[in-house]
Amino acid sequence: MTDTTQATAAASGASATEAFRAKQRSEAAVSQERVSTLATEVITAVHDVIRRHKVTYAEYDALKAWLIGVGQDGEWPLFLDVWIEHVVEEVANENRQGSKGTIEGPYYVPESPRHEAEATLPMRADEPGTPLLFQGQVRAVDGTPLAGAHVEMWHADDDGLYSQYAPNLPKWNLRGTVVADAQGNFRIHTIQPAPYQIPTDGSCGKLIAAAGWHAWRPAHLHVKVSAPGHQLITTQLYFQGGSHVEDDIAQAVKPELILDPKPATSGKGNEVTYDFVLDPVEV
Ligand code: MBD
Ligand code: FE
């Protein structure tokens, strides 16, 4: 989606905006009553902050300039997914019995090519990074294996870059849909991703610098797991002891989502087993 040689905030922001428009989960109308309630409460919460902190015109103008910049950089998807989405996910999935989910983030691309139950994610011949075998089973909450479940994985490379959002990466690099076998089992060969740094050259980076925060997410594998008749899980998996597992800027780490890979029995890199348990669709 971008043809510059450097990954820039504006280029990945434009891609994320375009991708969001293409895959928007729902266009269901939100009722006037609901819009009025939520908008009134958000605006009132901002008024309260202004009064409590005696916000000045200089600060109001800085905010206005920054908000304009977020739009110009196409960084609304990034901003919302980093600072807001984790609470939406918490509320949406609070009643699930099965595996924990977490935020989707801005870099999912639907309809990645399908692969057999044991597969290597598409990667460059010389793809840098420690090889990782991620294997497990998809089951229903009652323990029934879910034959043919889809395990869609996408993740950053060893430089923390996502294909289709950074230049010069093959289209489906480190993205794929693995179809579980008749027992719901899958074995995905990939590489361990690097921690991800929020682009520092855009408006989100400006906020982070101005507030003296850090810009990092821990290394993570994104996964969506689905099977007919079951609720789709969107989640991420992290690595025990990795940088920023304890202070993810997107607040999307949960203890259940931390992997502890061991040296692979093949002698090549690491391996880890992780099972997914899907809730039935709500009736
Ligand atoms: C990411 O890779 C990500 O997963 C989130 C949530 C935000 C920014 C970058
Ligand atoms: Fe990510």
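Author: One term to begin with: a cavity is a set of grid points where a 1.4 Å probe fits but cannot get out, and lining residues have an atom within 4 Å of a point. Helices of at least four residues are DSSP runs, numbered from the N terminus. Bear in mind that this is a predicted model.

Reader: Fine. Which helix gives the most to the lining of the largest cavity?

Author: Helix H4, residues 76–83, with 3 residues.

Reader: What volume does that largest cavity have?

Author: About 110 Å³. The lining has 16 residues, and the closest to the centre are Gly-105, Pro-106, Arg-217, His-220 and His-222.

Reader: And how does the lining of the largest cavity split by class?

Author: There are 9 nonpolar, 4 polar and 3 charged residues.

Reader: How many cavities of 30 Å³ or more are there?

Author: The count is 3.

Reader: What about the lining of the second largest pocket, by class?

Author: That lining has 15 nonpolar residues, no polar ones and 2 charged ones. The volume of the second largest pocket is about 700 Å³. Of its 17 lining residues, Val-46, Val-49, Leu-63, Trp-66 and Leu-67 lie nearest the centre. Two or more residues come from each of helix H2 (32–53), helix H3 (57–72), H4 and helix H6 (203–211).

Reader: Which of them has the largest share?

Author: H3, with 6 residues.

Reader: Now the sheet. What is the strand order?

Author: S1-S5-S4-S9-S10-S11, an open sheet of 6 strands with mixed pairing.

Reader: Why is one side of S1 and of S11 left without a neighbour in the sheet?

Author: Strand S1 (114–115) and strand S11 (258–259) stand at the edges and each has a single partner strand, so one side of each has no neighbour in the sheet.

Reader: And S4 with S5, parallel or antiparallel?

Author: Antiparallel: 5 bridges join S4 (residues 150–155) to S5 (residues 175–179). Glu-152 stands opposite Thr-177 in S5.

Note on methods:
Residues are numbered from 1 along each chain as its sequence is written. Chains are lettered from A and ligands numbered from 1 in the order in which they are written. This is a predicted model: local features need pLDDT of at least 70, side-chain atom pairs count only at pLDDT 80 or more; totals for chains, interfaces and linings use all residues. Side-chain values use heavy atoms; hydrogens and water are left out. On a 1 Å grid over the protein atoms alone, a cavity is a set of points where a 1.4 Å probe fits but cannot get out, and a pocket is an open set with protein on both sides within 12 Å along at least five of seven lines; lining residues have an atom within 4 Å of a point. Grid points are joined across faces, edges and corners, and a volume is the space filled by probe spheres set on the points. Ala, Val, Leu, Ile, Met, Phe, Trp, Tyr, Cys and Pro count as nonpolar, Asp, Glu, Lys and Arg as charged, and the others, Gly among them, as polar. Two strands pair if DSSP finds at least two bridges between them.
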